[in-house]
Amino acid sequence: MKDMLKITLGLVAIFIAAGLVMGVTYKYTSPVRFIAEKKEKEEALKAMAPDATDPIKPAGNWSSSHGKPYEYYMATSSGKPVAYISSTAGKGYSSYIAMLVSMDTDLKIKDVKILHHGETPGLGDQVEDRILFLDQFKGKALSQLVLLKTETKENIQAISGATISSRAVTNGVKDAVQTLVDKYGAGVRTAAQEVAK
Amino acid sequence: MSNEVNYGTIIKNGIFGENPVFRLALSLCPAVAVTSGVKNGFLMGVAVFFVMTMVNATVSLLRKFINPKVRIPSYMFIIATWVTVTDLVMAAYARDVYKQMGLYIMLIVAFAIVLSRAEMFASKNKLLPSIVDGAAMGMGFLLALVLLGIFREFLGKGSLWGQQILVSDGKAIKPLLIMILPTGGFFAMGLMMGWLNWIDRKFFGGTGGGGGAH
């Protein structure tokens, strides 16, 4: 009985000491981490809309078909919108491929950037490594976001050996563009009509 | 263990005689998982090196205090603590590394080699030899991962540390893709183990095939 108490107290003492060590480390590292993460996010957003002069502000939230929450942002230059940016992800072969998509005011894609993924090295990770694949998205409108396995200039051509990852990227981008078309599409259409007049 | 401590033997044991990966054949899963590139292998090795040194030091300091009946939970908790500290520090001060390694760091808690050194060595030895043993074992693990990484990345991607080496006509050549997939990891591991055993037998008169000084 006495032995049991001694063992228990010994374990508790170790656990409390370990908790203290972890707590102190967390206290001193978490502010650094928080600032670094915030800065990284801002830099990524800024890189997506280099022509915006005002700070990029979040404009709303949306959730995709796989139920994860994402944010979209409006980049403005002296008050006028110049680009829309949205975070998004597509379900790939072994991970969610997290991306940022930027669109111009006509809601055509300006740029797609892959933030992180866990696809198979050598196969799925080609969606990030092969610049030609992501370059295909530039200038495409929502209706053009179709993945084909044949050579195409109009749509998106899949990487052979990485079809699932290619589809994940295409679907993720499509979700983001669809969301912003639903939100801002009407405004864009009126603006376009006004120009036509 | 005798009272006289031979640091040279401990270091030699950790790196060659009882190399965690090639000789003790412990922690093979992470060794296969992270060595698709030299850089990943090296960074993982550094994290393990730090954790092993700290764990061995802590266990050695507390060895008289820990009741043998509950030593395994105590060791696991000490390991988990140091891994968490490593994780938190890396997340704050080594962001680029953490982005690539973050997923793997937490797995160090379950590395058999860390627990086995705490149980086999640190719980029976004084502070300084324990630290040296942890560092030597960590260094052996690091070297093994780097070797595997060099072998696999060179054949599988034609590059080393992300720098393309095998090129023809200015373009990267098509490498042996299988080497950077998990299958290739097992090939590389088996081949290297075999080579090291062969070298040991041929040049150092060892038995080749596991088992070091004790």
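Q: At about what angle to β5(A) does α1(A) run?
A: This is a predicted model, so let's see what it shows. In chain A, α1(A) lies across β2 (69–77), β3 (80–91), β4 and β5. Its direction relative to β5(A) works out at about 155 degrees.

Q: Which are the edge strands of the open sheet in chain A?
A: The sheet has five strands, in the order β1-β2-β3-β4-β5, with antiparallel pairing. An edge strand pairs on one side only. That picks out β1 (57–63) and β5 (109–116) of chain A.

Q: Which residue is the bridge partner of S102(A) in β5(A)?
A: Strand β4 (residues 96–103) of chain A and β5(A) run antiparallel, and six bridges join them. Look across to β5(A) for the partner of S102(A), and you land on D111(A).

Q: Which helix gives the most to the side of chain A that touches chain B?
A: Chain A puts 19 residues into the contact, while chain B puts in 24 residues. On the chain A side, 16 residues come from a helix spanning residues 2–48. That top contributor is helix α1 of chain A.

Q: How many residues of α3(B) are buried?
A: Helix α3 of chain B covers residues 38–61 and reaches 34 Å from its first C-alpha to its last, close to the 34 Å expected at 1.5 Å a residue. Here, a residue is buried if 20 or more other C-beta atoms lie within 10 Å of its own. Most of α3(B) passes that test, so the helix is largely enclosed by the rest of the structure. The count is 19 of the 24 residues.

Methods. Residues are numbered from 1 along each chain as its sequence is written. Chains are lettered from A and ligands numbered from 1 in the order in which they are written. This is a predicted model: local features need pLDDT of at least 70, side-chain atom pairs count only at pLDDT 80 or more; totals for chains, interfaces and linings use all residues. Two residues are in contact if their C-beta atoms, placed from the backbone, lie within 7 Å. Helices (H or I, at least four residues) and strands (E, at least two) are DSSP runs, numbered from the N terminus. Two strands pair if DSSP finds at least two bridges between them. Axes are lines fitted to C-alpha atoms, for helices over the stretch in contact, and angles run from 0 to 180 degrees between N-to-C directions. The expected span of a helix is 1.5 Å times one less than its number of residues. A residue is buried if 20 or more other C-beta atoms lie within 10 Å of its own, exposed if 12 or fewer, and partly exposed in between; C-beta atoms are placed from the backbone.
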